[in-house]
Amino acid sequence: MQHLDPELLSLLALDDGVGTDSEREHLRRCTACRTEYEELRRTVSVARTQPPQTLQAPGPQVWAAIHRELGLAETLAEDPLGGNVRDIRSAPPPRPGTAGGRRPRRARPLWLLAAAAALVLVLGIGWIVSRQAAAPPAPLAVATLEPLKQFTTTGSAEVLPTGGNQRELVVRLSADEAHGYQEVWLIKPDLSGLVSLGVLESTTGTFAIPPGLNLADYPIVDVSDEPLDGKPAHSGVSIVRGKLDV
Amino acid sequence: MPAPSQSWSAELDAAFAAGQEQVLAEAYRQFAPLVHTLAARSLGSQASADDATQEVFIRAWRSRATYNPAAAPVPAWLVGITRNVIADALAAAAREQRKVRAAADVLPDPGHGPEAAEVMADRLLLEGELGRLGEPQGSIMRLAFYEDLTHEQIARRLDLPLGTVKSHIRRSLSRLRDRLEVDHAAP
């Protein structure tokens, strides 16, 4: 029998529900196909690995030690995690990245002065930006979240720019009414498509929006009540929902 | 704590390689909790995890000259370093163990080891690579990975011919597999 089609091997690795009995039998016996399949299978399993849902931040002395050991600039002395305060919104990130990539890497001597001047400018702007960032950036879109039947929670959602064309969704709820856990989704108006942004652990949370996702296509913000059943799909039970004004 | 908001970009990779200290602070803000959690799981104590986290970021900064943005995004590289730091700490603990012949229960749980960090480093590497696949490949693979859609469902969802979806899946999955075989070369 000839080897399995590479497309079929990929779909098998994804548990696509494809393949006949004889094809699966071939996979069991053929070392070449089996090796290829197992490599693809590991790739799928790595991609589907969930990062730990709850994280423990290191104590403030850890950054202090790093800062001291590496002799970093005095302006960076404060713990980027905000010391003992764990509210991630209260520690706006410095936004140094935008100009950094353009800085010439292997500068000729003539460039050095300009590069140094540019660096001072970049750092200066970065410093000013990081100082000003204490005021949150203006939202790109907002939504009012209304409870669905059997729930009373209300809330709001904001899309904020985070630099480098990235966006994040900040969700704030009046309560956590989930029987299982709360999951945040962006959904098409006709419910034909949905994107999971992640688990909302308390009443507020911040979620990265996939780059390239057109919010006009997925304007509905939805927080669902998900049972711990291992099924990645939407449970069908929504706690709150609202439409972004995009 | 929930995961800090994460928005890492290729620009930040380049700025890290170029030695901008602010980017180290930003990497710490976004990824120190992940590094610390992976270390705590493998090493079993908060104090050891604090030490490991400190070592990871110090090692990352001192080795930034060997960091290659084209090979891996900074988050994947950091977690690769975490894996090595955990392995070093476990080896040191085992040496200490042999020296003192103490009871086995002070050894860190061998079930966790550095493997969790290894898988997480690979996952972050893939996440970066998904962004480089372009469209519609990136969307196709995200739907296949994270929403468990079949190729037929993906074709309907994205309104693409079935054959196109299948061949994108084959090529993209092979490419992602090839990326995992490249060593992170983390210090």
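Author: A salt bridge here is a side-chain nitrogen of Lys or Arg within 4 Å of a carboxyl oxygen of Asp or Glu.

Reader: OK. How many salt bridges cross the interface of chain B and chain A?

Author: The rule finds five. In one of them, A:Glu69 pairs with B:Arg62, with the closest N and O atoms 3.3 Å apart.

Reader: What should I know about the model?

Author: This is a predicted model: local features need pLDDT of at least 70, side-chain atom pairs count only at pLDDT 80 or more, and totals for chains, interfaces and linings use all residues. Residues are numbered from 1 along each chain, chains are lettered from A, and side-chain values use heavy atoms, leaving out hydrogens and water.

Reader: How many residues does each chain put into the contact?

Author: Chain A gives 67 residues and chain B gives 63. Contact means heavy atoms within 4.5 Å.

Reader: And what area is buried between them?

Author: About 6,000 Å², with 63% from carbon and sulfur atoms. Buried area is the accessible area (1.4 Å probe) that two parts lose on being put together, summed over both.

Reader: New topic. At what angle do helix 3 of chain A and helix 8 of chain B pack?

Author: About 85°, with their axes 9 Å apart. So helix 3 of chain A is roughly perpendicular (65 to 115 degrees) to helix 8 of chain B. Helices are DSSP runs (H or I, at least four residues), numbered from the N terminus. Axes are lines fitted to C-alpha atoms over the stretch in contact, and angles run from 0 to 180 degrees between N-to-C directions.

Reader: Which residues meet there?

Author: Among them are A:Leu40 and A:Arg42 from helix 3 of chain A, and B:Leu173 and B:Arg177 from helix 8 of chain B.

Notes
Helices (H or I, at least four residues) and strands (E, at least two) are DSSP runs, numbered from the N terminus. Angles under 35 degrees count as roughly parallel, over 145 as roughly antiparallel, 65 to 115 as roughly perpendicular and the rest as oblique.
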